[in-house]
Amino acid sequence: CIHQPSVEILEQIDRLLVLAKGKVVYEGGIPQLFEYLRHIQHECPEHVNVTDHFIQQLNQKPQYFIDEWEQYSSAHKLHDDMPQLDSSEIASASSDLRQIEPAPMVSYCKQLIVLLKRFSLIFVR
């Protein structure tokens with residue numbers, strides 16, 4: 001676990017993304033996390049921070065939560081609202097990135113002059 005937010009911070013978060021072994025184990029709102037945990041028989045006890053409970057359970061059996069999320073998200077089609085790019089859009093975007101040229105470098109003489117000026121100002125002060 002990298003970060004477990006406090007209750008105050010948790011109340012300000014509208015979407016939560018939890019990863020285990022580089023894979024998504026939950027993505028959605030905090031209220032839906034209660035429902036999801038109930039659905040997979042890991043209901044959060046009363047008066048317990050839901051993220052603390054979830055991370056604690058997740059650390060015990062990460063592969064279980066990876067598998068459960070894959071099943072749950074595919075069954076509920078949670079990713080249908082995400083825009084999908086077709087291959088021509090991806091190719092166009094990657095060719096656009098290749099056309100970006102780096103800014104020209106300043107010559108070494110100019111860099112040396114700037115450094116000498118800075119050094120002399122520091123020395124005079």
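Guide: Gln57 lies in helix H3; helices here are DSSP runs of H or I with at least four residues, strands are runs of E with at least two, and both are numbered from the N terminus. Before we go on: this is a predicted model, where local features need pLDDT of at least 70, side-chain atom pairs count only at pLDDT 80 or more, and totals for chains, interfaces and linings use all residues. Residues are numbered from 1 along each chain as its sequence is written, and side-chain values use heavy atoms, with hydrogens and water left out.

Back to Gln57: with a relative accessible area of 14%, Gln57 is buried (buried is under 20% relative accessible area, exposed is over 50%, partly exposed is in between, with a 1.4 Å probe and protein chains only). Skip its neighbours within four places in sequence, and Gln57 is in contact with His42 and Phe65, contact being heavy atoms within 4.5 Å.

Not counting residues up to four places away in sequence, His42 touches Leu37, His53, Gln57, Lys61, Tyr64 and Phe65.

Now zoom out to the helix. H3 spans residues 50-60, and its buried residues are Val50, Thr51, His53, Phe54, Ile55, Gln57 and Leu58. What covers them includes H1, S1, S2, helix H2 (30-39) and helix H4 (62-75).

Tyr26 has quite a contact list: leaving out residues up to four places away, Tyr26 touches Leu16, Leu17, Val18, Gln32, Leu33, Tyr36, Phe54 and Trp69.

Leu19 and Leu58 are 39 residues apart in sequence, yet 9.6 Å apart in space, C-alpha to C-alpha. Leu19 is in strand S1, and beyond its neighbours within four places in sequence, Leu19 is in contact with Val24, Val25 and Leu58. The covered face of S1 has Leu16, Val18 and Ala20, while the uncovered face has Leu17 and Leu19. Leu17, Leu19 and Val24 make a nonpolar surface patch of about 260 Å².

S1 and S2 run antiparallel, with five bridges joining them; strands count as paired if DSSP finds at least two bridges between them. Two residues sit between the strands of this hairpin, where Lys21 takes a positive phi near 55°. Leu17 stands opposite Glu27 in S2.

Glu27 in turn forms a salt bridge with Arg15, with the closest N and O atoms 2.4 Å apart; the rule asks for a side-chain nitrogen of Lys or Arg within 4 Å of a carboxyl oxygen of Asp or Glu. The pair links distant parts of the chain, twelve residues apart, with Arg15 in the loop between helix H1 (7-10) and strand S1 (16-20), and Glu27 in strand S2 (residues 23-28). Glu27 is buried, at 19% relative accessible area. By this rule the count comes to two salt bridges, and Arg38 with Glu43 is one of them, at 3.7 Å from N to O. Arg38 counts as partly exposed, at 46% relative accessibility.

And the whole chain? There are six helices and two strands, in the order α-β-β-α-α-α-α-α along the sequence. Of its 125 residues, 24% count as buried. Take contacts between residues at least 6 apart in sequence, and 48% of them join residues at least 24 apart.

Terms used: Patches are made of residues with over 30% relative accessible area and no salt bridge: like charges are joined within 9 Å, nonpolar side chains (Val, Leu, Ile, Met, Phe, Trp, Tyr) within 5 Å. Accessible areas come from the Shrake-Rupley method with a 1.4 Å probe; for residues, only the protein chains shown count as cover.
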